[in-house]
Structures are given as structure tokens and as C-alpha cells.
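Visitor: Please show me the model, and then let us go through it by question and answer.

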Amino acid sequence: LVNAEKEGVHEVVSQDGTVRIIGFSPAKSPPTGLYISTGLSKDEAFAAINRQTYVGAISIGLGICLALVAAWLAGGLIRPPLDRIASVISDWRSGGGRARTGLDSEKGDVEAVGAALDDLLDELARRAEATVYAERQRDLLMHELAHRMKNTLAIVQSIVSQTMKHSSDMDSAAERISSALSSAQDILTETSWSAADVVHVVESALHPHVDGSERVKALGPHAEISAQQALGLSLALHELATNAIKYGALSVPDGRIDIEWLVGSDRTFRFEWRESGGPAVVPGDRKGFGSRLTERIVPSYFGGQAGVHFDPTGLRYLLEGVLEHANNSAVSPATKLTNVG
Amino acid sequence: MPRTTPIVVLVVEDEPFVRMDAVDIVEEAGFIAAEATNADEAMRILETNPDIRIVFTDIDMPGSMDGIKLAFAVCDRWPPSS
């Protein structure tokens, strides 16, 4: 220590046992070899610092405690809405579709989340309902389609078996069957399954037979007709047209056909087919399936009667009955003159 | 005592072609066929025609009764019919 060449500090234990920190500095001017030192008790020197450290540590501890208490108090305010949201979500997941938080978005951020969740669940419930409704509609439609297919096939099967049993030759049987099949197909592919228009039925039934002919005139009002009645009427028209071409008014150049129908306000239906200018017709020319069809089966579709009359001017077919499906106001006031062909 | 008159079958069907075909089948089998287009008409015919022994009916038909209701009504009121 005495020989130190530079100043410094050193911790020493004095003879009295006190720990001291001494500072020393060698003399810079003669007499050299001397040094100046001063000492301070370590306990006294550090007492103030230790006190400060102690106070600081307690302050930090208190701060932590206060923060914990504050967090616990604030948490107490936040937890109930969060619990509600969590329980609504778990209820909803386990099938309780009606569970809602019932929180008011005005009351705070967490409550706003709850209210938004309620809105979302409402929207999901609406969509689920719409899906169920759409599925039910689709099932209903599938069922209706299958039902109609089955019915149509049963009708076609009966038409085929009736035609085969009662037709005189294979050609006319084949013709009738193909006409019945195309009528049945029209019924299936018609945009509206439930109803057609009489005008449309008459036009499309006669079209293949009298295409481009001015000799066939059809006159009657637009009126709604059920698909079944449309089938009956078009089969009758096919039968009448085929016979007119073979034996009746359309077998000679000057013959003509006037078709006229009336629909009453009570939906009574009167349909007349009048041939003129053809060869003289003889009762008994047409027996078998043709008359069975036009005089028994077709009027049955209309809940009425029908008959073939052999007037001096030519064959006349009169069908009287009632039109089904009065769900639309049906008969248009204007009478349409239709030029078939 | 054995019946000497042919058995009468009532065919109930709203579709004319199908009904006509069913009537043919019944007649070809040796029965006499009666026709009705719906269950209500069938009941009227049954009330006035005690000879009917068999009712052959469609199920899906317009009117106040379908074929199943008609079958129950027939069983209740005319036990020998089947």
C-alpha cells in the first residue's frame, strides 16, 4: 500500500474490527514516499444506499399487489359477459339453436361482441330454416315428378294395350300409339304441368295432320284445360283427323273441317268437329277402337258425353262436358280465330 | 248354395284409359264389370247395386275419399265384399 505509485481505494479491516474503505494518493511532490489516506466506515457509507434500496423494493412489491388487486376487480367486471358468450357458443354447438347472449352492444366492447354473436346466430338460424324449406320443396317436386311419371306410364300402358286389343290393323295401332306417346310427352314436358290452353291443344294436335291446309278452321276462346283433358282432347282430334284423311272431308280436294268450341262461365265445354264437302259417310264405317276412344274414353275425361253424328253434309263429332281447373279466371273474353296449319 | 249369376266387379279409377283397360281385364276374366270414376260415385253405385261382390280400386283419386278410405268404407258397410 505504502509503495503504491497511483491513487486508489481499498477495503481494509482496521485494528478495532471496523470495515473501512480507504482512499489513498501518493504524494506527487517531495518528500516522496509519503501518502495521504482517508477512511470511512463501510456500514456508515452504505447505510443511505441500503435504505433507498429497501424503500424501492417495498414500493415495487406494493405496486405489484395493487396491480393484482386492480386486475382481479376489473376481471370481475369482464368475466360474466365472456362467460355468457362462451356458454352460448357451447350451447349452440351442442344443438341449442335458440341460445342467445342477450347482451346490449351499447354497454361495452365485450357486450358488443355478444350482440354481434347474437346477430350471427340469428342469421345462421334463418339460413338453416331456408335450407330446410328448399329441401322440402325439392322433395315435394321430386315426389310430384315421380308420381306424374308413374301416372303417365300407366296411361301409356293402357293406351297401348287398348289400342292393340281394339285396332283392326297394326298400322293404325302403331299410329295411335305414337300419337298417344307424343301427347303424353307433351304433358310431361309442358312448362306448366297442371294446365294448357284449349287453343294450343287444338293447334298442336292438328298440326301433324293438316299442316299448311286452309281447309281446317278452328274457332274458339282461350281457356285453361287440365293436362289430362288436354291428352283426351288431342287423342280425339288425332283420331278424327286420321279418319277425315282416310275416309272423310280431307280425303277429297274440296272437303273442309270446321272446329268450334264454347266455354261457359260455369266452365261447361262444348266442342264440335264438323266435316263438309267430303264423300257421303256411312254409319258403321268406324267401329272398334276409334269409336270407343272418341265416344267413351274422351268424354270421360270431361265428365260428359260425346257422339259421332252422320249428318247429310258430313261427319259431325260433338263433345260436351266440363273443363277442369277453374283456378285461373280461365276464359278470355276475346274469341280467337285460329287458322290451323 | 252356389251362385249361378256371374260375379260383378266394380272398377274404380279416374283415368279413363286405365279404367277402360281394367274393365277389359275384368271382363276377359269372366266377370261383369261396373265402372266408377271416383270413390263417391263408387259408393252411389254400391248403394244401388247389391250384386257387386268385388271392388277393384285405384288409390290416388280426386273426390272426398281416396281408394284406401273407400276400401274401409266398403268393408264397414258391405262385409261380404272384398
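Visitor: Is A:Val55 buried, exposed or partly exposed?
Guide: This is a predicted model, in which local features need pLDDT of at least 70, side-chain atom pairs count only at pLDDT 80 or more, and totals for chains, interfaces and linings use all residues; side-chain values use heavy atoms, without hydrogens and water. Residues are numbered from 1 along each chain as its sequence is written, with chains lettered from A and ligands numbered from 1 in the order in which they are written. Buried means under 20% relative accessible area, exposed over 50%, and partly exposed in between (1.4 Å probe, protein chains only). The relative accessible area of A:Val55 is 47%, so A:Val55 is partly exposed.

Visitor: Which residues make the nonpolar surface patch of about 420 Å²?
Guide: Patches take residues with over 30% relative accessible area and no salt bridge, joining like charges within 9 Å and nonpolar side chains (Val, Leu, Ile, Met, Phe, Trp, Tyr) within 5 Å. Areas come from the Shrake-Rupley method with a 1.4 Å probe, and for residues only the protein chains shown count as cover. A:Val55 lies in helix α1 (residues 42-93) of chain A, where helices (H or I, at least four residues) and strands (E, at least two) are DSSP runs numbered from the N terminus. The patch is made by A:Tyr54, A:Val55, A:Ile58 and A:Leu62.

Visitor: What is the relative accessibility of A:Arg20, and which residue is its salt bridge partner?
Guide: A:Arg20 counts as partly exposed because its relative accessibility is 26%. Its closest N and O atoms to the partner are 3.5 Å apart. The partner counts as exposed at 53% relative accessibility, and is A:Asp16.

Visitor: Which residues of chain B are in the salt bridge network with A:Lys165 and A:Arg292?
Guide: The structure holds 20 salt bridges over all chains. A:Arg292 is one of the buried residues of α6(A). The network links A:Lys165 and A:Arg292 with B:Asp21, B:Asp24 and B:Glu28.

Visitor: How many residues of helix α6 of chain A are buried?
Guide: Helix α6 covers residues 289-301 of chain A, and it is largely enclosed by the rest of the structure. Among its buried residues are A:Phe289, A:Leu293 and A:Tyr301.

Visitor: Are α2(B) and α3(B) roughly parallel or antiparallel?
Guide: Axes are lines fitted to C-alpha atoms, for helices over the stretch in contact, with angles from 0 to 180 degrees between N-to-C directions. Angles under 35 degrees count as roughly parallel, over 145 as roughly antiparallel, 65 to 115 as roughly perpendicular and the rest as oblique. The axes of α2 (residues 39-48) and α3 (residues 67-77) of chain B come within 11 Å and cross at roughly 20 degrees. That makes α2(B) and α3(B) roughly parallel.

Visitor: What pattern does chain B follow along the sequence?
Guide: Chain B has three helices and three strands. Read along the sequence, the pattern is β-α-β-α-β-α.

Methods: Salt bridge = Lys/Arg side-chain N within 4 Å of Asp/Glu carboxyl O.
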